[in-house]
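The sequence and the model are shown first, and a description follows.

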Amino acid sequence: MLARQLTATGQSVISSVPVVVIAFAVLPIIALIQELPVVYTLTVGAHALAMPFKQVLAKTMAGANRAGAFTAILVAAIPLQLAGMPMALWALIAGTAVVTLSSERARRHWRNVWAIIATTVDRAEPTHDAQ
C-alpha cells in the first residue's frame, strides 16, 4: 500500500516537471508583453476573442431557446449591478425565466388560467344599485 502511494506521488512529481519548465519558459514572454503598450495588448486580445465569441453567439442563436439566450446576452451587456450582484447572475435568471415562460407547458398553463378567469368573470352577475 505504501509502495503504491509512493509510486503515485513520484508519478505526480514527474508529471509536474514539464509544467514547471513551461512556467519558467513563459517568464521572458510575459516580461516582453508587459513592455508593450496597453492598447496594443488589448487590441490583440480583442481580436483573439472575436472569432470564438462570434461562433458561440451563432450556435446560441441557432438553438431552440434563442429568445432566452438573446435575453441573457442583452442583460449581461448592461453595465450595472442590481442588489449588489453582477449582471451575469441576472442574465442567467432572465434567460432562464424567458425559456421557462415561453415553453409550451407554460403556455398551456397560462391558457388554462385565463380560461378559468374568463369563465369566472362571465358568470359573475353585475350588481346595480336601484336608485
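**Overall fold.** The model is predicted. The protein contains 5 helices and 2 strands, and along the sequence these elements follow the pattern α-α-α-β-β-α-α. Of the 131 residues in the protein, 7% are buried. Among contacts with a separation of 6 or more, 20% are between residues 24 or more positions apart.

**Surface.** The protein has an accessible surface of about 11400 Å², and carbon and sulfur atoms account for 71% of this surface. Helix α1 supplies the largest share, 8 residues.

**Helix α4.** Helix α4 covers residues 87-101, 15 residues in number; at 1.5 Å a residue it should span 21 Å, and its end C-alpha atoms are 20 Å apart, which agrees. The buried residues of α4 are M87, A91, A94 and G95. Seen down the axis of α4, these buried residues fall within an arc of 100°, so they line one face of the helix. They pack against α3 (66-76), β1 (81-82) and β2 (85-86). On the other side of α4, L92 and L101 are exposed.

**Salt bridges.** The whole structure holds 2 salt bridges. In one, E104 is paired with R107, and the closest N and O atoms are 3.3 Å apart. These two residues both lie in helix α5 (residues 104-123), 3 residues apart, or about one turn of the helix. In the other, the side chains of R111 and E104 meet at 3.4 Å, N to O. Through shared partners, the salt bridges join E104, R107 and R111 into one network. The accessibility of each member is set out in the table.

| Residue | Relative accessibility | Class |
|---|---|---|
| E104 | 40% | partly exposed |
| R107 | 41% | partly exposed |
| R111 | 48% | partly exposed |

Residues are classed as partly exposed because their relative accessible area lies between the limits of 20% for buried and 50% for exposed. The values for E104, R107 and R111 place each of these residues in that class.

Note on methods. Residues are numbered from 1 along each chain as its sequence is written. This is a predicted model: local features need pLDDT of at least 70, side-chain atom pairs count only at pLDDT 80 or more; totals for chains, interfaces and linings use all residues. Side-chain values use heavy atoms; hydrogens and water are left out. Helices (H or I, at least four residues) and strands (E, at least two) are DSSP runs, numbered from the N terminus. Buried means under 20% relative accessible area, exposed over 50%, partly exposed in between (1.4 Å probe, protein chains only). Contact means heavy atoms within 4.5 Å. Accessible areas come from the Shrake-Rupley method with a 1.4 Å probe; for residues, only the protein chains shown count as cover. The expected span of a helix is 1.5 Å times one less than its number of residues. The arc is that of the directions from the helix axis to the C-beta atoms. A salt bridge is a side-chain nitrogen of Lys or Arg within 4 Å of a carboxyl oxygen of Asp or Glu.
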